[in-house]
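Biologist: I have not looked at this one before. Can you walk me through it?

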Amino acid sequence: MIPVNIYICPNLEDKKFIGIRGVIIDITEQKKREEDLVRIEKLESVGLLTGGFAHKFNNHLQVIQGNISLSLLKLKDNPLATKYLYIAENSTQKAYELTKTLHSYSNDGFYRPKVADITKVIRESASFTYHGSNIIDDNKIPENLWPVYIDEKQFLGVFNNLFINAAQAM
């Protein structure tokens, strides 16, 4: 079935009806654009909702993290308590990473791909992840990698997770 608009009007000659004139226009492309527009509006709505949720959830995580840090200071002589608090702290950090992912979807509900220097993105991610830790960043990244068409925020998130997993494995 092909969507069409039909326009008809009487065909008159000397004010006498002699038939009908009409035009049939295929509106398949118009319908497709309308459906795309509805899909875009839905994505924007989901993006706004996701961004609001991520922001509020992150606020709660900061309160939890602050209380864990204070508890670690107060209970530093209790190895069992600190063990459980470090587990909670680690879980809070993972939840924070999830909210960052959710928040990235809220950027108008769209990815923002562009041509980027992948070497720079990987180096930034490693530097950010290992900053302040006792891990030495000794990544061997070739300098002549081709540029790639990516959403840098999403790609940074992927590499941040990889580097965090590597740090935790060490």
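This is a predicted model: local features need pLDDT of at least 70, side-chain atom pairs count only at pLDDT 80 or more; totals for chains, interfaces and linings use all residues.

Biologist: Start with the core. Which residues make up the largest nonpolar core?

Modeller: It has ten residues: Ala-116, Ile-118, Val-121, Ile-122, Ala-126, Tyr-130, Ile-141, Ile-150, Phe-159 and Phe-163. Helix H3 (118–130) and helix H4 (152–169) each supply at least two residues of this core.

Biologist: Which gives the most to this core?

Modeller: H3, with five residues.

Biologist: What does Val-121 touch?

Modeller: Leaving out residues up to four places away in sequence, Val-121 touches Ile-150, Glu-152, Phe-155 and Leu-156.

Biologist: And Asn-160, where does that lie?

Modeller: Asn-160 lies in helix H4.

Biologist: Is Asn-160 buried or exposed?

Modeller: Asn-160 counts as buried, because its relative accessibility is 8% and the cut-off for buried is under 20%. Apart from neighbours within four places in sequence, Asn-160 is in contact with Lys-100, Ser-125, Phe-128 and Thr-129.

Biologist: Different topic. How many residues does helix H1 have?

Modeller: Helix H1 covers residues 28–74, which is 47 residues. From the first C-alpha to the last, H1 reaches 68 Å, close to the 69 Å expected at 1.5 Å a residue.

Biologist: Which residues of H1 are buried?

Modeller: Gly-47, Thr-50, Gly-51, Ala-54, Asn-58, Leu-61, Ile-68 and Leu-72.

Biologist: Now the surface. What forms the nonpolar patch there?

Modeller: The patch is formed by Ile-2, Val-4, Ile-6, Ile-8, Leu-12, Phe-17, Ile-20 and Ile-24, and together they have about 870 Å² of accessible area. Strand S1 (4–13) and strand S2 (16–26) each supply at least two of the patch residues. S1 gives the most, with four residues.

Biologist: Take Ile-6. Why does it count as exposed?

Modeller: Ile-6 counts as exposed because its relative accessibility is 55%, and exposed means over 50%. Ile-6 is in strand S1.

Biologist: Last one, Gly-22. Where is it?

Modeller: Gly-22 is in strand S2. At 54% relative accessibility, Gly-22 counts as exposed.

Biologist: What does Gly-22 touch?

Modeller: Tyr-7 and Ile-8, not counting residues up to four places away in sequence.

Key. Residues are numbered from 1 along each chain as its sequence is written. Side-chain values use heavy atoms; hydrogens and water are left out. A nonpolar core is a set of buried Ala, Val, Leu, Ile, Met, Phe, Trp, Tyr and Cys residues joined through side-chain atoms within 4.5 Å. Buried means under 20% relative accessible area, exposed over 50%, partly exposed in between (1.4 Å probe, protein chains only). Contact means heavy atoms within 4.5 Å. The expected span of a helix is 1.5 Å times one less than its number of residues. Patches are made of residues with over 30% relative accessible area and no salt bridge: like charges are joined within 9 Å, nonpolar side chains (Val, Leu, Ile, Met, Phe, Trp, Tyr) within 5 Å. Accessible areas come from the Shrake-Rupley method with a 1.4 Å probe; for residues, only the protein chains shown count as cover. A salt bridge is a side-chain nitrogen of Lys or Arg within 4 Å of a carboxyl oxygen of Asp or Glu.
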